[in-house]
Amino acid sequence: MSNVSHARSDLSGHPDASEMRARYDRVMGGRDVALVDAPVFLVGLYCAVSPWVLHFTANQPALVTHNLVMGIAIAVLALGFTVMPERMYGLSWAMCAIGAWIIVSSWVVGNSPDAGIVINNIIVGGLTVLLGMVCAGAAARTRSA
């Protein structure tokens with residue numbers, strides 16, 4: 001049996017080293033908003049469970065389904081931002097649109113909702129719009145660089 005432990009050396013002599021370094025820089029270049037991914041996921045998670053937290057499952061069944069679906073959509077976007085940031089940050093504006101829809105959905109989808117439901121959806125929608133704008137700004141900054 002041969003001893004190949006001495007065969008390990010520095011990768012700087014590898015013929016594809018510069019290409020690997022450039023690819024790594026390209027992939028990691030869009031991660032300047034990595035700290036936004038977790039809050040986006042948490043906002044989506046809260047939006048999905050908010051009907052049970054605020055106990056409006058009995059009197060607003062349409063809003064229950066709506067908030068559940070919108071929360072799952074936001075959480076899926078957050079997971080996409082984490083897994084494939086270079087492809088998904090283009091959808092940041094979609095997250096802004098989802099946030100704006102959540103703000104007005106209390107009156108459109110709901111049946112005369114009370115103040116707690118309206119305030120909840122305004123806060124969740126506002127946070128979604130704000131985080132979507134941060135992601136969109138980072139995507140624009142990454143593309144221009």
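The following dialogue explains how to read several features of this predicted model.

Q: Which conventions apply to the numbering and to the model?
A: Residues are numbered from 1 along each chain as its sequence is written. The model is predicted, so local features need pLDDT of at least 70 and side-chain atom pairs count only at pLDDT 80 or more, while totals for chains, interfaces and linings use all residues; side-chain values use heavy atoms, with hydrogens and water left out.

Q: How many helices and strands does the secondary structure of the chain come to?
A: Helices (H or I, at least four residues) and strands (E, at least two) are DSSP runs, numbered from the N terminus. Here the chain has six helices and zero strands, in the order α-α-α-α-α-α from the N terminus on.

Q: Is T128 buried or exposed?
A: Buried means under 20% relative accessible area, exposed over 50%, and partly exposed in between (1.4 Å probe, protein chains only). T128, in helix α6 (residues 115–144), is buried, with a relative accessible area of 1%. A139 also lies in helix α6 and counts as buried at 5% relative accessibility. Of the 145 residues of the chain, 37% count as buried.

Q: With which residues is T128 in contact, leaving aside neighbours within four places in sequence?
A: Contact means heavy atoms within 4.5 Å. On that basis, T128 touches V43, I74, M95 and G99.

Q: At roughly what angle do the axes of α3 and α5 cross?
A: Axes are lines fitted to C-alpha atoms, for helices over the stretch in contact, and angles run from 0 to 180 degrees between N-to-C directions. The axes of helix α3 (residues 61–83) and helix α5 (residues 92–108) come within 11 Å and cross at roughly 165°. Angles under 35 degrees count as roughly parallel, over 145 as roughly antiparallel, 65 to 115 as roughly perpendicular and the rest as oblique. The helices α3 and α5 are therefore roughly antiparallel to each other.

Q: Which residues of α3 and α5 meet?
A: In α3, L63, H66, M70, A73, I74, L77 and F81 meet S92, M95, I98, W101, I102, S105 and S106 of α5.

Q: Where does UniProt place the feature "transmembrane region"?
A: UniProt positions are given in the numbering used here, feature names are shortened, and annotations may be inferred rather than shown by experiment. The unreviewed UniProt entry places this feature at residues 33–54, 66–84, 91–109 and 115–140. In the model, residues 66–84 are 95% helix and 0% strand, with end C-alpha atoms 26 Å apart. Residues 91–109 are 89% helix and 0% strand, with end C-alpha atoms 24 Å apart.
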